Amino acid sequence: TLSLHDALPIFGAHLQQMTELFTPEELAAKTLPKVLEPAALGLLEIAERRGDEGLVLAAAYILERTSAEPARYRAIYDRVARWGREARSGVPSAFERLTQLIEVWEVHANVTPAPTVLDTLADLHVARRDAVLTEPQLQGGPFPARIVGLAPLEVAGVYLRTGDVKRARDRILAMGHTSASTQPFVDALARAEGKDAAAADALAELGEFYRSARPEVTLGVCRRGLAEIPNDARFPTCLARAAADRGDYLEATAHYADAIRVAPNVRAIYDEAISQLNLFIERGLFEPDPAAARQLVAHAERIVEARQEHFPRDPSPVPEDRFQFLVGMLESNAGNPEEAIRRFEASIAVNETPAALVQLGLLLLRLARPEEAIERFHRALELTPAAHPAALAGRAEILAHLGNAHAVMGRSDQAARMNREALDTWTEAE
């Protein structure tokens with residue numbers, strides 16, 4: 001059973017995934033599809049109990065437009081929004097007060113980026129900038145200048161998370177005090193409004209600019225790029241990187257596949273995709289869902305095969321034996337032993353390594369094929385030299401596996417001898 005602390009982000013992310021299918025203008029409608037209501041109800045119940053203002057506001061906003069009691073949820077929305085400001089009225093620093101409100105409305109905007117929500121969040125950023133300029137205790141030093149300089153970028157990011165380049169630029173210009181350092185950013189927003197090569201360049205620059213600090217903004221910018229300029233591979237690549245950054249391996253591989261489809265002759269995309277897939281498979285070795293594991297492998301194989309087809313003479317950033325070994329580990333942990341055996345054998349056929357031999361041996365041992373396992377363990381031992389101090393720990397593990405295999409076959413004397421050798425080797429390694 002999940003605790004409230006663990007359940008809250010899950011419910012919030014679930015509703016956010018649903019609302020991402022709507023434009024801000026669609027979310028502003030008086031009524032929204034009833035399919036949103038169950039997720040919003042669940043979120044509201046947990047968020048109220050946890051006291052999460054932003055998520056309560058987001059859930060109430062949806063329920064006002066989906067339930068049979070809109071007035072009830074409007075009252076909840078107004079009460080929480082009003083309470084958020086009143087409860088912070090005693091905070092002596094306007095800067096701190098506004099910073100806290102920005103944090104609340106950031107959460108609200110991430111889940112329900114309706115125009116009124118985005119405008120309120122942008123207004124808070126502008127108000128905080130003004131507070132920095134007027135509060136005596138904040139004067140002096142580099143801090144005020146830094147906040148003032150960041151404010152236009154924060155305001156633009158509010159709208160760019162939904163891909164609204166025009167609104168982002170209009171709000172920056174309405175702020176006034178456009179500095180020399182901000183002007184290139186404003187110019188980039190102006191270029192990004194089109195659908196030509198200059199717009200593509202500007203959107204790609206904006207997406208990369210926000211990637212580390214504001215990944216949700218990068219997502220919005222690159223989605224706009226993909227929708228407006230679908231034949232530019234930078235945008236599916238950007239979405240792949242964003243998905244990879246948040247650990248969504250399947251979405252990342254799907255976007256990389258799209259990028260390769262758009263630009264099949266750009267080797268850098270293949271190499272980046274394959275390098276990322278190497279990391280994905282390593283991290284997903286214990287993927288509990290066999291279907292997800294197979295899907296990940298299928299994406300990976302298509303990309304690897306496409307690279308080999310287009311660039312047969314150029315070595316891959318991930319060697320074939322390494323790729324087959326990792327897929328074998330993934331298949332083994334996903335409960336596909338026969339496919340795992342095929343992968344380990346393919347890895348060994350390309351490059352006979354102790355790691356692949358040991359994993360193949362362990363799998364054969366689990367499948368009640370101890371004689372074959374012993375053969376693989378012995379070969380792994382031959383490839384792990386006793387003369388090399390760094391290899392001693394590896395030899396000890398292999399000897400222990402041999403002891404287990406002999407024990408399974410009822411060879412107690414040989415098992416005991418292997419275990420003694422393993423213990424001696426461990427001692428020597430230490």
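Biologist: Is R342 buried, partly exposed or exposed?

Modeller: This is a predicted model, and its values are computed. The relative accessibility of R342 is 45%.

Biologist: How far apart are the closest N and O atoms in the salt bridge of R342 with E339?

Modeller: Both residues belong to helix α18, residues 337-350. They are three residues apart there, which means a separation of about one helical turn. The closest N and O atoms of R342 and E339 are apart by 2.6 Å.

Biologist: How many salt bridges does a search of the whole structure find?

Modeller: The pair of K195 and E228 is a salt bridge, with its closest N and O atoms 3.2 Å apart. K195 lies in the loop between α10 and α11, and E228 in helix α12, so the pair ties together parts that are 33 residues apart in sequence. For the whole structure, the search finds a total of 37.

Biologist: Which helices hold the two residues of the salt bridge between D201 and R234?

Modeller: The side chains of D201 and R234 meet at 2.9 Å, N to O. Their pair ties together parts that are 33 residues apart in sequence, because D201 lies in helix α11 and R234 in helix α13.

Biologist: Which element gives the most residues to the lining of the largest pocket?

Modeller: The largest pocket has a volume of about 890 Å³. Of its 31 lining residues, the closest to the centre are Q16, E20, R161, L219 and R223. The elements that give two or more residues to this lining are α1, α2, α6, α12 and α13. With eight residues, the one that gives the most is α12.

Biologist: Which element gives the most to the lining of the second largest pocket?

Modeller: The second largest pocket has a volume of about 170 Å³. Among the 14 residues that line it, E208, R234, T237, C238 and R241 are the closest to its centre. Two or more lining residues come from each of α11, α12, α13 and α15. The element that gives the most, with five residues, is α13.

Key. Residues are numbered from 1 along each chain as its sequence is written. This is a predicted model: local features need pLDDT of at least 70, side-chain atom pairs count only at pLDDT 80 or more; totals for chains, interfaces and linings use all residues. Side-chain values use heavy atoms; hydrogens and water are left out. A salt bridge is a side-chain nitrogen of Lys or Arg within 4 Å of a carboxyl oxygen of Asp or Glu. Helices (H or I, at least four residues) and strands (E, at least two) are DSSP runs, numbered from the N terminus. Buried means under 20% relative accessible area, exposed over 50%, partly exposed in between (1.4 Å probe, protein chains only). On a 1 Å grid over the protein atoms alone, a cavity is a set of points where a 1.4 Å probe fits but cannot get out, and a pocket is an open set with protein on both sides within 12 Å along at least five of seven lines; lining residues have an atom within 4 Å of a point. Grid points are joined across faces, edges and corners, and a volume is the space filled by probe spheres set on the points.
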